[in-house]
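Here's a quick briefing to read with the model open beside you. It starts with the overall fold and then moves on to helix packing and aromatic rings.

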Amino acid sequence: MLLGACQFRFRYRFLGDTKWLSRVLLIVRRTVDQKFAEHVLQLLSNWQAAFGNDPNLQALNAAVSEARGQGMLLPPPIA
């Protein structure tokens, strides 16, 4: 998993930050590069699978819910 071994600070600095995750979703909505958008959505899916149960990272779950609510299809996480 891409962030499985990431530093503790990165996880809580970015994956727990509503503002940062909102910017990520904005980039996905505005990009014209479909491969890039798919890659970012894959990352969100992987991150949620790995860290979605962490109570300090509920912003991540909210961002994933927002993406789905906007019609974005998140692929299944890659182990």
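Helices here are DSSP runs of H or I with at least four residues, strands are runs of E with at least two, and both are numbered from the N terminus. With that in hand, the protein reads α-α-α-α from the N terminus on, which comes to 4 helices and 0 strands. Keep in mind that this is a predicted model, where local features need pLDDT of at least 70, side-chain atom pairs count only at pLDDT 80 or more, and totals for chains, interfaces and linings use all residues. Residues are numbered from 1 along each chain as its sequence is written, and side-chain values use heavy atoms, with hydrogens and water left out.

**Overall numbers**

- Of the 79 residues in the protein, 37% are buried (buried is under 20% relative accessible area, exposed is over 50%, and partly exposed is in between, with a 1.4 Å probe and protein chains only).
- Taking contacts (heavy atoms within 4.5 Å) with a separation of 6 or more, 65% are between residues 24 or more positions apart.

**How α3 packs on α4**

- Helix α3 (residues 34-51) and helix α4 (residues 58-69) pack at about 140°, and their axes are 10 Å apart; the axes are lines fitted to C-alpha atoms over the stretch in contact, with angles from 0 to 180 degrees between N-to-C directions.
- That angle makes α3 oblique to α4 (under 35 degrees is roughly parallel, over 145 roughly antiparallel, 65 to 115 roughly perpendicular, and the rest oblique).
- On the α3 side, L44, W47, Q48 and F51 do the meeting, and their partners in α4 are L60, N61, V64 and R68.
- Sorted by type, the residues of this contact are 5 nonpolar, 2 polar and 1 charged (Ala, Val, Leu, Ile, Met, Phe, Trp, Tyr, Cys and Pro count as nonpolar, Asp, Glu, Lys and Arg as charged, and the others, Gly among them, as polar).

**The aromatic rings**

- Searching the whole structure turns up 2 aromatic pairs (rings of Phe, Tyr and Trp, the last by its six-membered ring, with centres within 6.5 Å; planes under 30 degrees apart are stacked, over 60 edge-to-face, and the rest tilted).
- F14 and W20 have ring centres 5.2 Å apart and planes at 55°, so this pair is tilted.
- W20 and W47 also form a tilted pair, at 6.2 Å centre to centre with 40° between the planes.
- F14 is partly exposed at 25% relative accessible area, W20 is partly exposed at 24%, and W47 is buried at 8%.
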